[in-house]
Structure formats: structure tokens, C-alpha cells
Amino acid sequence: MQKTKDISKASFFSLYWKSQLLGWGAVSTYWAYTVYFRDQYGPFYTALNYVLDIAIGVALTHFYRFIAKRYYWSSLPLAGLTARVIPSIILLSFLYMELVDFKWHLYWVYIREMDYTLWYSMSYWDPVFITGLRLMAIWILAYHLYHYHQNKLETARLNADLQLIAKQAQLDHLSNQLNPHFLFNSLNSIKSLISESPDTARRAVDLLSDLLRTSLYEKEVPFITLREELELVKDYVDLEKIRFEERLSISVTMDPELENCLILPLSIQLLVENGIKHGIARKISGGNIRLNIEKRNDQVVVTVQNPGSISKAEQMTGIGVKNLTRRLQLHYEQNADFILENEGDDLVTATLTFPLRK
């Protein structure tokens, strides 16, 4: 972390000095042109005057930067910053005038041997003071605008990081909630087999062990392929078939091109589990779970149908349904949809729609 901060400071330091030298170099070019052609300074003194003009501008503004950083002026509210900036511009403009006048005095008195008094030279304010006001105002405004922009970017970055951390925390909470829910339902299925058929119960435990190993692994990744999700569904249905035997069957229809499409882990499994719990388990004759997966434009549509009916209360309070809905919102925002509804007197349809990703 410290290394990152040091690199950031070094890059800004480089940018700062490049801006200083290029900016004051460009401004001083005008004055070099003036003294060379108007005042006949000659090449050497023109070059010397050019370097001194850059040095004066850099020294004054760098001093301002030192004070502004030392007392954190860029963090002040607008009123407090304005109360410091305006006097600073006036003071820096006055210092700029005095330094330029002193430079001018040295040249004309000691090089050209003109009879100018120091007071006369140092009191020459127009247009030097006006020029200083303009230059210092532009520099200070640019300096604080740059820092304002940087602060806004930093605030936006921190907010984005906080939102990402919060989102990940919610997803971790949902994943941690999902596995106990899944385990609880599976153990209930095995519980009924222990007294009836110990051998079958042992086989069910083996299936559950493999299923949990897979689900726990898939929890660590945000997306898995449809092929992997369907393998998980198959293992879950095989586990439930031990309890329901011939009362439970499933038919799957899927476009082969969608095998590598990405989906949220345990999403189809939740829909199948919901169909078994609220449909097949309540019917003496059992029934068939129909699973259809197809592509519509740039969306994947997953439809799970089972016999039976589901009440509004079950739709609103089911842990699995609420979990899936929240995960869809976190990952896809408004680009995914989930609908669970009764169709007719003896058919429940769950429809999951999400963007196609491979």
C-alpha cells in the first residue's frame, strides 16, 4: 500500500514540474521576444532574462504550493479557500512586480549604465503588477481546479470500492445462507430413509456428500456454465429420486449452443428444488419436472414447470426464492428477471431470464 502511494506521489511530482517549466517557459517566451526586439538586450542577456523570468514564476508559485499543502488549503470549503486565495494572489503579484523590477534595475543600471534610482525602478508597477495579477490568478485557479478534480476522482473511487465491498458482503451472506438451506432440505430427505432402508440412506449420504462438495466449490465463483449447473441439478434429482422413486421424473430441453453460457450457481437447482417441494411432494402420484432452456435475442430464458400450485405467501417468504431474486439484482441489476406463477389449476411455472454471457 505504501509503495502504491509513493508511486502516485512520484507521478504527480513529475507532472507538477513539467507543468511548471512548460507553463512559465511559454509565458517567458513572450517577454524574451519583447526584450530582444524592443529593448535590444542581445542573445546572451535575452537568454539570461528568459531563465530568470522562469525562475521568478516557478519560485513564487512553488512557495504558494508549499503553504497550500502545509495547511491543507485544498481541503477547505469554498468560502475558507477564497479568503486565502484572494490575498495570496495580491501578495504574489506584488512580489512578482518587485522581483521583475529588481531584475530590470540590475540590467539597466549595471549593464546599460543608466541613471535610475532603486526607488524609481522598484516602484514601477504598470503593467508589471497587472501582469502578475493575471498570471498568479490563472496559476492558482488551475492549481486548485486540478486538486478539486483529483479529490472528486478519489472520492468516486472510494465510493465505488465501498459499494463493491458492500455488494460482495451481501453476496457472501446470500451464499452462506443458501448452503444451510440446501443442506437442511437434503437431510430431511435422507432422514425419512434411515428407518425404511438403511442401504438406500447410505447411498443418499454418498450422493449428498458429492453434491455438497460441488455446491461448496461453486459458491466460491460468481458464475458457472449451464452444463455444470445441469450436472448439479442431475445429482440433486438423483438424491430426491431415492425418496420419491417413480413418483419423480425430469425432462430437460436445452439449446446445445448454450452449454457454455454463464449462470449464477445453484439458480436452476433452486427452481427444481422448489418444484419438488411445492409440487411433486404434495401429490400422491408425483409428477414430472419440465426444464426448458432457450435463447431469445441476447437473453437466456430458463423455464421450470411442475404440477401443483403455489400460494402468494410461499412465493414471498421462501428462502430460496428470495435468495435467488436478491442475487439476480446484485449481479444483473435491472437486466434479469424472475417470475414464479400459477398457470391454470395444476401447473406452476418459474421463469428465469438473464443476459447471455459465455
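User: At what angle do helix α2 and helix α3 pack?

Analyst: First, this is a predicted model, where local features need pLDDT of at least 70, side-chain atom pairs count only at pLDDT 80 or more, and totals for chains, interfaces and linings use all residues. Residues are numbered from 1 along each chain as its sequence is written, and side-chain values use heavy atoms, with hydrogens and water left out. Helices (H or I, at least four residues) and strands (E, at least two) are DSSP runs numbered from the N terminus, and axes are lines fitted to C-alpha atoms, for helices over the stretch in contact, with angles from 0 to 180 degrees between N-to-C directions. The axes of α2 (residues 42–70) and α3 (residues 78–111) sit 10 Å apart, and the angle is about 155°.

User: Which strands stand at the edges of the open sheet?

Analyst: The sheet has 5 strands in mixed pairing, ordered β2-β4-β5-β7-β6; two strands pair if DSSP finds at least two bridges between them. The edge strands each have a single partner, so one side of each lacks a neighbour in the sheet: these are β2 (248–254) and β6 (337–342).

User: In β5, what is the bridge partner of I293?

Analyst: β4 (residues 287–296) and β5 (residues 299–306) pair in the antiparallel sense over 7 bridges. For I293, the partner in β5 is V302.
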